[in-house]
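Subject: Structure for you to look at

Hello,

Here is the structure I said I would pass on. Please open it first, then read the notes below with it on the screen.

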Amino acid sequence: VDNSIEANATDISITIKSDDEVINNRVSERITEIGILDNGDGMDFEILSKCLSFGWGTRLTGATGLGKFGFGLKGASISQAKRIEIYSWQHGETPNFIYLDVDEIIDNDLQDLPEAETKELPREAKALIGSRDIGESGTLIVWSKLDRLNPKRATTLINHMNGDMCRIFRHFMDDDDTLGTRR
């Protein structure tokens, strides 16, 4: 969300997908994917190619704003999910895509991130965002293989996020633009 705000997004949506699973003969809801969609500036191919590299960022020398250490997107993502997919587009063009899959890195002893590519949003990503218009520019981040997510139920996560988002991003949600333009 902070990267969306820094990218001048005016509309930021978080979508949670969950399925039922059977654990010890009991059916329980479990979150399977989280999508974060914004209508911000989007990332060009070069920036997207580097955005999952630890310690790399576009704002490392800046002293203002929400992020500046090159760890937020990657750190937040892998703290909750083993797979991160990023689609980003500008000027109505076909999205660029990159991903990080922790299992793939471990299983294949990989040292480098996969190469970014130009790729249409797949059916699964479109299903996750539903009927939302992706606009002329923006970014969609999809977390899956959610191995560390707590809470596991969508309604509980939404309740936690509502409180946290209101506290953390309150200056971007109110009508007073002194400390942050409303989103």
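Start at aspartate 109, which counts as exposed at 61% relative accessibility, because the cut-off for exposed is over 50%. Aspartate 109 sits in the loop between α4 (102-108) and β5. Its phi is positive, about 50 degrees, although the residue is not a glycine. Please keep in mind throughout that this is a predicted model.

Histidine 91 lies in the loop between β3 and β4 and is exposed, with a relative accessible area of 63%. Its phi is near 55 degrees, again a positive value in a residue other than glycine.

Now the overall layout. The chain has 183 residues, and 34% of them are buried. It contains 6 helices and 6 strands, which follow one another along the sequence as α-β-β-α-α-β-β-α-β-α-β-α. Of the contacts between residues at least 6 apart in sequence, 61% join residues at least 24 apart.

The sheet

In what order do the 6 strands lie in the open sheet? The order is β1-β2-β6-β3-β4-β5, and the pairing is antiparallel. β1 and β5 (117-118) are at the edges with a single partner strand each, so one side of each has no neighbour in the sheet.

Going across from β1, the pairings are as follows.

- β1 and β2 are antiparallel and share 12 bridges. Isoleucine 12 stands opposite aspartate 38 in β2. These two strands form a hairpin with 2 residues between them, and asparagine 24 in the turn has a positive phi of about 50 degrees.
- β2 is joined to β6 by 6 bridges, also antiparallel. Leucine 37 has leucine 140 in β6 as its bridge partner.
- β6 and β3 pair over 7 bridges in the antiparallel sense. Here arginine 83 is partnered by serine 144 in β6.
- β3 and β4 run antiparallel and are joined by 6 bridges. Tyrosine 87 has phenylalanine 97 in β4 as its bridge partner.

Not counting residues up to four places away in sequence, serine 144 touches Thr32, Glu33, Ala81, Lys82 and Arg83. Threonine 32 is 112 residues away from serine 144 along the chain, yet their C-alpha atoms are separated by 6.1 Å.

How many of the 7 residues of β3 are buried? The count is 7 of 7, so β3 is largely enclosed by the rest of the structure. Both of its faces are covered. Arg83, Glu85, Tyr87 and Trp89 are buried on one side, and Ile84, Ile86 and Ser88 on the other.

In soluble globular proteins, nonpolar side chains tend to be buried together. In this model the largest nonpolar core has 21 residues, and those touching the most other members are Ile31, Ile34, Cys51, Leu52 and Ile86. β2 (26-38), β3 (83-89), β4 (96-101), β6 (138-144) and α6 each supply at least two residues of this core. β2 gives the most, with 3 residues.

Leucine 52 shows how such a residue is surrounded. Leaving out residues up to four places away in sequence, leucine 52 touches Leu73, Lys74, Ile84, Ile86, Ile98, Tyr99, Leu100 and Leu113. There is also a second, separate core of 11 residues, which includes Leu37, Trp89, Phe97 and Leu128.

The elements giving two or more residues to the lining are β1 (12-23) and α6 (154-168). The largest share, 5 residues, comes from α6. By type, the lining divides into 11 nonpolar, 3 polar and 2 charged residues.

Regards

Terms used: Residues are numbered from 1 along each chain as its sequence is written. This is a predicted model: local features need pLDDT of at least 70, side-chain atom pairs count only at pLDDT 80 or more; totals for chains, interfaces and linings use all residues. Side-chain values use heavy atoms; hydrogens and water are left out. Helices (H or I, at least four residues) and strands (E, at least two) are DSSP runs, numbered from the N terminus. Ala, Val, Leu, Ile, Met, Phe, Trp, Tyr, Cys and Pro count as nonpolar, Asp, Glu, Lys and Arg as charged, and the others, Gly among them, as polar. A nonpolar core is a set of buried Ala, Val, Leu, Ile, Met, Phe, Trp, Tyr and Cys residues joined through side-chain atoms within 4.5 Å. Buried means under 20% relative accessible area, exposed over 50%, partly exposed in between (1.4 Å probe, protein chains only). Contact means heavy atoms within 4.5 Å. Two strands pair if DSSP finds at least two bridges between them.
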